[in-house]
Amino acid sequence: MTFYTDKRDLADRLIGDKGQAVSLRRTSQTGPAWDPTNATADYATTAAKVEFTLKQMQGGNVLDTDERWLVAAGPLTALGIASVAVPDAIVTADGVVHPVLIAKPLNPAGVVVFYDCHVRF
């Protein structure tokens, strides 16, 4: 194990302790461009809802209904998911879908520790 892999495990544990079980919903298109078929897949992970920083709030891109979620990277990495990006969505256990607007990975030395996601209803 590398130093940052250990930190990812710690982040996964902390997010799991303070957060909840969620799914990362990813939609992909197959078939010809004139008649595409959408396929949706859900990948289990954990996420914790946290407050936006003052700097993020002052940037002017945060609406009252927006939320910030820290998403555990370890379970996603184990499932072969290497990134979180638009048009992915976070789906909570009660079925609420939160489309991802911005997803920033914390990835020192190329090891993704967690994803910092700005989502909107």
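This is a predicted model: local features need pLDDT of at least 70, side-chain atom pairs count only at pLDDT 80 or more; totals for chains, interfaces and linings use all residues.
Me: Why is the pair formed by Phe 3 and Tyr 4 called edge-to-face?
Reply: Two values decide that one. The ring centres of Phe 3 and Tyr 4 are 5.1 Å apart, and centres within 6.5 Å count as a pair. The planes stand at 80°, and over 60 degrees is edge-to-face, so the label follows. A search of the whole structure finds 1 aromatic pair.

Me: What makes Phe 3 exposed?
Reply: Its relative accessible area is 53%. Exposed means over 50%, so Phe 3 qualifies.

Me: And why is Tyr 4 called partly exposed?
Reply: Tyr 4 has a relative accessible area of 30%. Buried would need under 20% and exposed over 50%, so Tyr 4 falls in between.

Me: Let's turn to the strands. How do you know that β1 and β2 pair?
Reply: Pairing takes at least two bridges, and β1 (residues 20-30) and β2 (residues 37-50) have 11, in the antiparallel sense. Therefore they count as paired. Ser 28 stands opposite Ala 39 in β2. The two strands form a hairpin with 6 residues between them, and Gly 31 in the turn has a positive phi of about 90°.

Me: What makes β2 and β3 partners?
Reply: There are 4 bridges between β2 and β3 (residues 67-72), against a requirement of at least two, so this antiparallel pair passes. Here Ala 47 stands opposite Val 71.

Me: How do you know that β4 pairs with β5?
Reply: By the bridges again: 3 join β4 (residues 89-92) to β5 (residues 97-106), and at least two are needed, so the antiparallel strands pair. Val 91 has Val 97 as its bridge partner. This hairpin has 4 residues between its strands, with Gly 95 in the turn at a positive phi of about 90°. β5 is also joined by 6 bridges to β6 (residues 114-119), running antiparallel.

Me: Why is Asp 66 called buried?
Reply: Asp 66, in the loop between α2 (54-58) and β3, has a relative accessible area of 8%. Among the residues it touches are Phe 52, Asn 61 and His 118.

How values were computed
Residues are numbered from 1 along each chain as its sequence is written. Side-chain values use heavy atoms; hydrogens and water are left out. Rings of Phe, Tyr and Trp (its six-membered ring) pair if their centres lie within 6.5 Å; planes under 30 degrees apart count as stacked, over 60 as edge-to-face and the rest as tilted. Buried means under 20% relative accessible area, exposed over 50%, partly exposed in between (1.4 Å probe, protein chains only). Contact means heavy atoms within 4.5 Å. Lists of a residue's contacts leave out its neighbours within four places in sequence.
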